[in-house]
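Here are a few exercises to work through with the model open in your viewer. Try each task before reading its solution.

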Amino acid sequence: MYDETFLRHAIALSARAMTLPGTEPFGAVVVREGRIVGTGLNRSRLHSDPTSHGETEAIRDACRRLGTVDLRGCALYSSCEPCPMCVAAMGIAGISVLYYAADMDQAGAALGDLPEAARFPVDVARLVQDCGSDVTQRQMPAHQHLAAEAAEVLTGWASMARDRARTGG
C-alpha cells in the first residue's frame, strides 16, 4: 500500500546529491511491512560503477540487512522512474510493487542537455528496446561460445543445490 512518507524519503535521498560529490539525484528505499529495510543513492561516479543506481543500491542494502536475496513482499519507492537495468534488478529480487516520482520524460528534460563531463549519456529508449529483445536481435553484437562447458557448470551446480535442498544442508 502506497505511503507518501517513503516516496518523500526517496526524494530527500536524491536531494543529497547536491552536496555529495560523485552522486547523482536518484534515491530509493525498499520497504517491508511498513519500515525501510534498504536505502540507496546513485553513486555511479563515486564508485566507478555504472550499476550503482539508487534502486540497485537500495536493493543491495535491503538484501544485506535482511540476509536474503528474496525481497518478495517488499515495495520500492524511487525518486525517479527506474531505468531498464533497475527494473530487471527489481524483478530478480522479487520486489512486489514500485512507486516512483519523476518519470523518464521529466528526467530527460532536466538532465538531457548536460555535457558528457557532467553526466555519462545513456540512451534509455535504446535500453528499453534491447532489454525486451532476444540477445541475437539487440543493437549490441552478442556472440555465443563454449556453451556446453558453461551449461555443464550450471547443471553441476543445480544438482548440488537440489541435493542440499533435499538434505537441508
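**Exercise 1. Find the bridge partner of Ala75 in S4, then work out how the chain gets from S3 to S4.**

*Solution.* Start with the pairing: in S4, Ala75 has Val97 as its bridge partner. Helices (H or I, at least four residues) and strands (E, at least two) are DSSP runs, numbered from the N terminus. Next, the pair of strands: S3 and S4 run parallel and are joined by five bridges. Right-handed here means that, with the strands pointing away from the viewer, the path from the first strand over the helix to the second runs clockwise.

A word on the ground rules: this is a predicted model, where local features need pLDDT of at least 70 and side-chain atom pairs count only at pLDDT 80 or more, while totals for chains, interfaces and linings use all residues. Residues are numbered from 1 along each chain as its sequence is written, and side-chain values use heavy atoms, with hydrogens and water left out.

**Exercise 2. Give the strand order of the open sheet and say which strands are at the edges.**

*Solution.* Step one: the four strands come in the order S2-S1-S3-S4, with mixed pairing (two strands pair if DSSP finds at least two bridges between them). Step two: S2 (35–42) and S4 (97–102) are the edge strands, each pairing on one side only. Step three: from one strand to the next, the twist averages 15 degrees. Step four: S1 and S2 run antiparallel, with seven bridges between them; Ala28, for instance, has Gly40 in S2 as its bridge partner. Last, H3 packs on the sheet, touching S1, S2 and S3 (75–80), and its direction makes about 140 degrees with that of S2. Axes are lines fitted to C-alpha atoms, for helices over the stretch in contact, and angles run from 0 to 180 degrees between N-to-C directions; contact means heavy atoms within 4.5 Å.

**Exercise 3. Which members of the largest nonpolar core touch the most other members?**

*Solution.* A nonpolar core is a set of buried Ala, Val, Leu, Ile, Met, Phe, Trp, Tyr and Cys residues joined through side-chain atoms within 4.5 Å. Among its 15 residues, the ones to pick are Val30, Ile59, Leu71, Leu76, Met90 and Ile95. S1 (24–32), H3 (54–66) and H4 (84–93) each supply at least two residues of this core, and H3 gives the most, with four. A second, separate core has eight residues, including Leu7, Leu13, Tyr77 and Tyr99.

**Exercise 4. Where do Glu24 and Arg45 lie, and is each buried or partly exposed?**

*Solution.* First, the contact: Glu24 and Arg45 form a salt bridge, with the closest N and O atoms 3.9 Å apart (the definition asks for a side-chain nitrogen of Lys or Arg within 4 Å of a carboxyl oxygen of Asp or Glu). Glu24 lies in S1 and Arg45 in H2 (residues 44–47), so the pair ties together parts 21 residues apart in sequence. Now accessibility: buried means under 20% relative accessible area, exposed over 50%, partly exposed in between (1.4 Å probe, protein chains only). At 10%, Glu24 is buried, while Arg45 is partly exposed at 39%.
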